[in-house]
Amino acid sequence: MSDQQLQNLIKMVNQISANNLHHGDEHQAATVVAGHLKKFWARSMKEQLVAYAAEDGEQLSPVSRLAVGQMRA
Amino acid sequence: MVHYFEPGKVALDPDRDYGTPARLSETLVSLSIDGVEISVPEGTSVLRAAALAGINIPKLCASDNLEAFGSCRLCAVQIEGRRGYPASCTTPAAEGMSVTTQNGKLGKLRRNIMELYISDHPLDCLTCPANGNCELQDVAGAVGLREVRYGFDGENHLHAKTDDSNPYFSFDPSKCIVCSRCVRACEEVQGTFALTIDGRGFDSKVAASQDDGFMASECVSCGACVQACPTSTLMEKSVIEAGQPEHSVVTTCAYCGVGCSFKAEMKGDQLIRMVPYKGGDANQGHSCVKGRFAFGYATHKDRIKEPMIRETIDQPWRAVSWEEAIAFSARRLKEIQAKHGRESIGGITSSRCTNEETYLVQKLIRAAFGNNNTDTCARVCHSPTGYGLKTTMGESAGTQTFDSVMKADTILVIGANPTDAHPVFASMMRKRLRQGAKLIVADPRRIDLLKTPHAGETMHLPLRPGTNVALINSLAHVVVTEGLEDKAFIDSRCDVKAYNTWREFISEQRNSPEAMEAVTGVPAADVRRAAREYATAGNGAIYYGLGVTEHSQGSTMVMGIANLAMSTGNIGREGVGVNPLRGQNNVQGSCDMGSFPHELPGYQHVADDAIRSKFEKVWGVKLDNEPGLRIPNMFDAAIAGTFKAMYVQGEDIAQSDPNTHHVEAALRSLDCLIVQDIFLNETAKFAHVLLPGSTFLEKNGTFTNAERRINRVRKVMPPVAGKEDWEVTVDLANALGYPMHYNHPSEIMDEIALLTPTFTGLSYDRLEEMGSIQWPCNDSFPDGTPTMHMVDFPIGKGNFAVTEYLATEERTNRRFPLLLTTGRILSQYNVGAQTRRTDNKLWHEEDVLELHPSDAELRGVHEGDWLGISSRAGQTVLRAKISDRMLPGVVFTTFHHPGSGANVITTDNSDWATNCPEYKVTAVQVEKVSQPSKWQEAFQASDKRQQHYLKQPVDSAPAQENLS
């Protein structure tokens, strides 16, 4: 995985989160985001995101972090 | 016996001219014509009634696509109880009327009229290009003209000069009978009003604009005048050169998403001309300059005629047999998967190819590659339409037929430029505007539709690029807060909980036109007026294009449009609806056919076990239950080194996709790129295998247009390299060890129908029977579905989605103070690979940068200056075109020429839900320069090198050349 690829994934997931903040509280928004990633993202992209969240996750927005957490669960 | 003519129930012969247009009154009148009793709808002309009864009255100025004019008087008849010889074209049929069309007096009258016509017409029939297909000649024969008593000694027009300026047709006024059919076709059919009759009496002549000549006039070369001409005055140059065609085949145009039907008129396997087919349900006998005339690319010298391979992209190509090319491809793909894993390869289907070909490519990827790494160019155009419409209304498609616009009272066009990108539909729209429908255009540019001659009320909402969602929210805010909703529709057809949530959101003051004015730049009063006009129109119809989808909130905007339509009850009947205007010919079809990585054909998700198992049973293979990579994800993975091979059929991602530097880096990273195309396109310059593609003229199949209409594509000439595109995919699958066997594309369609619930009633036999079918076509809708969502939505209740406006991250600043938006023009199509190889290039030899006079003045820019355009992604150089149709602060260009590098400056930003690129918003700076950009210089050198590799002899040594 390149830095650029990871940066793009982080940007994408944060953008999805930002566009779904209206779904109630952060947990409800995160559920929608996790559902979106599950439905539309490739396996390898989800794995990379989960790995990043586990190792660092600094650049993930709060909802993105929660969404990745839900995907892991 | 009385013949009854009932519109819609009696099949008319599309090859016959019934003289005047049909009337749709439900009241029938009965009359007798030459003793034949017939009933026709009230308002039908006697000429048409006679034609419907099988009686041909001679005519010259009448045609059934034009309103009656009554100038030639050849169609004169006698009517019992009425005086004189009325023209049957302008005389409405009346109850109890008794008409005589042939007797001695009428015969003499007609002969006299014809004698006058012929007295000023060259008698060169044997050498005339219309010989054998000339209405004047036919009528002279029909009336029994035997002599012309007047001679040619007097003043005449026989030496009038021919206007050859248009590349596709000539205008020879010496043969003109001044019937005005061309003028009326330009007005009534095309809606341009470029032609007129100049002068009076004997001096009357057809003139283009202010007698400027066709090429310099406002003429858009749609060909309607040529088709209308009853003589050889307006004649295709291809017919003048080659003579009259001897047979024809009805097929579907391969340009835009309108999907016009044409008669490909042939001499043997040589295409002489394309004539719009009156029986075509999408175009009803009309055409544009691309479909009508720009077909010469099919026989252009640049066509790739044999398969080619090379080890690396810095080597010359080696022409090989099909077998060797396919074996080489299969070996490479298998080696890469063995080394880098199952998911290290993928492919891209094409919106320019047929449904059957697209279906096979995604099947190849899912079944033979063993992953879901399939995507299509709809990713970069209408993927947000799929997401947005499926989320709100349950189906990833537009809701109407094109015809529906003729019942619209207010037409709202958002981010679309129909006169350039969907010209034939634009002509229909203009016809409706001339009838009095109101037009609201939301677009940063003042598009030509706003300049429709004789249109009713028009309104322009010139919003800033990137603020669509803010605008649609404020339109909906007005609807909700001013009580303009259709409460009955909402209560009965929509999910009330979702509606109430949305209603609460949209009612907030921050979504009001006044609050959003600072964001959109559109005066609040105008937004309020537009919202009221749309909501209270009776029938409000929305049409949108890539100006909606190609944004960071493209999907949000599509949902906002659906919200607006549902809240006002503008769904589920004719005259209303949400209508995405699809860019390429088969965008709808490529999406329907399962090109997206998360969906099997018919928008069936790969994670659904029951659905997957249905496909696994028919395809005989286990399928992956996880979505695959989208195009931009493939590029990222290629640069990261985990994605190593691609099969690209009929797309040119190197030219059409954003951030060219990034795309080129990705393509260079691949170990195997297989490109199947008709030319060495920009993507093919990075390829290891080049497989010759076939044009739409060389294959059988179907295209699906923007109104979900499935039309047949019929082969009229053999493929230049011996294989239709679907056959190549079949060969590749078999070489990879996955068996595929089809004898004809009809068998592929049968498989599609078996697996796709919205296609179960579809087959080639049904298409032959019906001409075209709009899906869904199944047990519930056996004849297809012209208007969707009439009773309910596929998801049950309509789903209002909250559409919060978020500004794009692409912002202007002091370094990049202007916003660039990109688009298309009439004469060119997409990457221009086809249209640049025709005389259409005469209208657009290069891409230019349009900018507002104030922005030009500020920078000291004059028309034609070289301008350097810089963005955060890159730099390119284009010539300046100063245009007051731009907003100050907004610049525009096209991407039809590869060397322009329009996509060098567009960025990686994309729609949050679908990754559709944000082509419409790029912050740029513009300054005068004196030389091409570095990228353009490198492009020119690379192009020269790759063109040289193509011309190497077959057995040339694969050594690296250094020609730059």
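**View 1. B:Ile348 stands opposite B:Asp375 in β16(B).** Here β15 (345–349) and β16 (374–376) of chain B run parallel and are joined by three bridges; strands count as paired if DSSP finds at least two bridges between them. From β15(B), the chain passes through helix α9 (355–369) of chain B to reach β16(B), a right-handed β-α-β crossover, meaning that the path over the helix runs clockwise with the strands pointing away from the viewer. Helices (H or I, at least four residues) and strands (E, at least two) are DSSP runs, numbered from the N terminus. This is a predicted model, in which local features need pLDDT of at least 70 and side-chain atom pairs count only at pLDDT 80 or more, while totals for chains, interfaces and linings use all residues. Residues are numbered from 1 along each chain as its sequence is written, with chains lettered from A and ligands numbered from 1 in the order in which they are written.

**View 2. β15(B) also pairs with β24 (645–649) of chain B.** These two run parallel over four bridges, and B:Gly347 has B:Tyr647 as its bridge partner. Five of the five residues of β15(B) are buried, so the strand is largely enclosed by the rest of the structure; buried means 20 or more other C-beta atoms within 10 Å of the residue's own, with C-beta atoms placed from the backbone.

**View 3. β10, β11 and β12 of chain B form an open antiparallel sheet in that order.** Because β10 (247–252) and β12 (270–276) of chain B each have a single partner strand, one side of each is left without a neighbour in the sheet. Look for B:Ser248, whose bridge partner in β11(B) is B:Glu265.

Conventions: Buried ≥ 20, exposed ≤ 12 C-beta atoms within 10 Å, placed from the backbone.
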